[in-house]
Amino acid sequence: MTMKHSALFMALAMAFSPAAFSAASAHALPKPVTDADYYDNGKPSEAKVELGRLLYYDKITSGNKNISCGTCHHGHTATGDALSLGVGAGGRGLGVTRDTGSGEYIAKARIPRNAQPIFNLGAKSFTAMFHDGRVENDASLPYHFRSEAGDKLPPNLDNALAAQALFPVTVPNTMAGQKGQNPVANAADAKKWAGPGGVWDLLADRLRTNPEYVALFKKAFNIEASEITFVHAANAMAAFQAKAWRADNSPFDSYLRGDKSALSRGQLRGMRLFYGKANCASCHSGKFQTDSSFHAIAMPQIGPGKGVGYKGLEDFGREGATGSCRDRYKFRTPTLRNVALTGPWGHDGAFNSLEGVIRHHLDPAASLKNYNCKAQPVMPSRPDLDAVDCEVQNHAPSVMAIANANELKPMKLSKREVDDLMQFMHALTDPNSLDLRADVPQRVPSGLAVWE
Ligand code: HEC
Ligand code: HEC
């Protein structure tokens, strides 16, 4: 081979080899996910996982015993609830059939944010939970987590995922119910979470007095009935979520592990755009396609909000956790594993199509302005709730403030390029996540219904 030929050969070989591709693009491809990326090397104790699975789907953890974690994070709806904004305590049904209930326990308001998918949260890199990261690792604090509970947070939580599980049960509209309806709701209303008579103690008491649970806690933690706390329950639920909903066997994962035939040509083109020209990986970076940071991308705001801004109907995102107005309208960069399964999209489920939320990134200000707040959201209708859904979107100064906070530069992509990005999004689906029926128990120790 002449010098000239070998140089040409090298150039061709480089153009088609993945190493050369990552070197030539703006962002390197992530390294493949391995067991070591997860707590317990991805293998939490089976006894903890089984206990966690039952607790997760058991309404015993809610004040009025009418909602479980699984209601909003269900195996039938890709670990979410399939709604833009879900319905908490008092609602009836699952997925898109869920309504706001009736009678004394009727749901008071919509949940202000989209129920997050739970895929891969057993990975150690997910150090901040919720759309605003308000439950997060902080080694400087006595018990290693920062949260709304401050110094009342109990000790011995396994990780941030376990710390998160303490909170849904403390929120009246989510799980606790309304003041006057039950003792847990009364404690929640008084913001008495920790200590004797607090939300966590009252719930642990229900578990301590259920013989089937007592046996399961003994098996998982080697403790007696009197020693059961809600922290044990939280650790078990975290183990279940981590184990059941690990999802790192998508075609993209196979590709990263060396199977270069795992992606179609369209998916490869989409991957090159994602890590190259389209610059998606500047935020959706790392093994799980999130920089674990917070960004404002002018996502339209719908629903009841978080009690701030215009008529209290806005959601300031990360600012709610840090108190810094520089964090206004910033939300955690979502992981994109299984993203094709987890609609509606956005922190409030504002977009009902994956293409819609991707196109939003190309010109956020225009997309925000043109957003159709009546057509896009997927949620049960009730006149008093519907009345506030679009207030922020119809309020020009709020829309302008949200647009002004946007960090994304407008970008032109051809229709074919958007199609390629879509194909790449589909390459992030783990086939094992397509059917999660096996994670849903047919019965739970309390004997409460699991079918609604
Ligand atoms: C009424 C619906 C609802 C119920 C019930 C519910 N969740 Fe959620 N979950 C949500 C919503 C909405 C969010 C996002 C909230 C936010 O960002 O403020 C969320 C966020 C989470 C997250 C954070 C995910 C991430 O990527 O940061 C985890 C983990 C989680 N929930 C687990 C649980 C557990 C465990 C329970 C039961 C103890 C539970 N959820 C009960 C709706 C619900
Ligand atoms: C400036 C950082 C940034 C860049 C660059 C970026 N994103 Fe995002 N992306 C985000 C944030 C933050 C959200 C969530 C915003 C919210 O809900 O308010 C998001 C949401 C999404 C969602 C919805 C996910 C869900 O679970 O709801 C998809 C899909 C997505 N991005 C794909 C892309 C693609 C494709 C690109 C490249 C064209 C891209 N993103 C570029 C920050 C970014």
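# Close-up views of a predicted model

**View 1. The iron atom of ligand 1 has a single protein donor, His 73 (NE2), 2.0 Å away.** This is a predicted model, in which local features need pLDDT of at least 70 and side-chain atom pairs count only at pLDDT 80 or more, while totals for chains, interfaces and linings use all residues; side-chain values use heavy atoms, with hydrogens and water left out. Residues are numbered from 1 along each chain as its sequence is written, and chains are lettered from A and ligands numbered from 1 in the order in which they are written. Donors are N, O and S atoms within 2.8 Å of the metal (3.2 Å for Na, K and Ca); water is not among the atoms, so sites may look incomplete. His 73 sits in the loop between helix H4 (69-72) and S1. Helices (H or I, at least four residues) and strands (E, at least two) are DSSP runs, numbered from the N terminus.

View 2. His 284 lies in the loop between helix H12 (265-275) and strand S4 (294-295), and His 361 in helix H14 (residues 354-362), so the pair ties together parts that are 77 residues apart in sequence.

**View 3. The second largest pocket holds about 1000 Å³ of space.** Its lining has 40 residues; closest to its centre are His 284, Ile 297, Thr 333, Pro 334 and His 361. H14 gives the largest share, five residues. The lining divides into 23 nonpolar, 13 polar and four charged residues. Here Ala, Val, Leu, Ile, Met, Phe, Trp, Tyr, Cys and Pro count as nonpolar, Asp, Glu, Lys and Arg as charged, and the others, Gly among them, as polar. Domain 1 (39-80 + 116-246) and domain 2 (251-432) both contribute to the lining, so the pocket lies between them. The domain bounds come from an automatic or database domain assignment.

**View 4. The largest cavity has a volume of about 60 Å³.** On a 1 Å grid over the protein atoms alone, a cavity is a set of points where a 1.4 Å probe fits but cannot get out, and a pocket is an open set with protein on both sides within 12 Å along at least five of seven lines; lining residues have an atom within 4 Å of a point. Grid points are joined across faces, edges and corners, and a volume is the space filled by probe spheres set on the points. Residues lining the largest cavity include Asp 81, Asn 114, Gly 343 and Pro 344. Six lining residues are nonpolar, five polar and one charged. Both domain 1 (39-80 + 116-246) and domain 2 (251-432) give residues to this lining, so the cavity lies between them. A cis peptide bond joins Gly 343 and Pro 344, with omega about -10°. Pro 344 is in the loop between S5 and H14.

**View 5. Three strands form an open antiparallel sheet in the order S1-S2-S3.** Strands pair if DSSP finds at least two bridges between them. Strand S1 (128-129) and strand S3 (145-146) are the edges, each pairing on one side only. S1 and strand S2 (residues 135-137) pair over two bridges. Met 129 has Val 135 as its bridge partner in S2.
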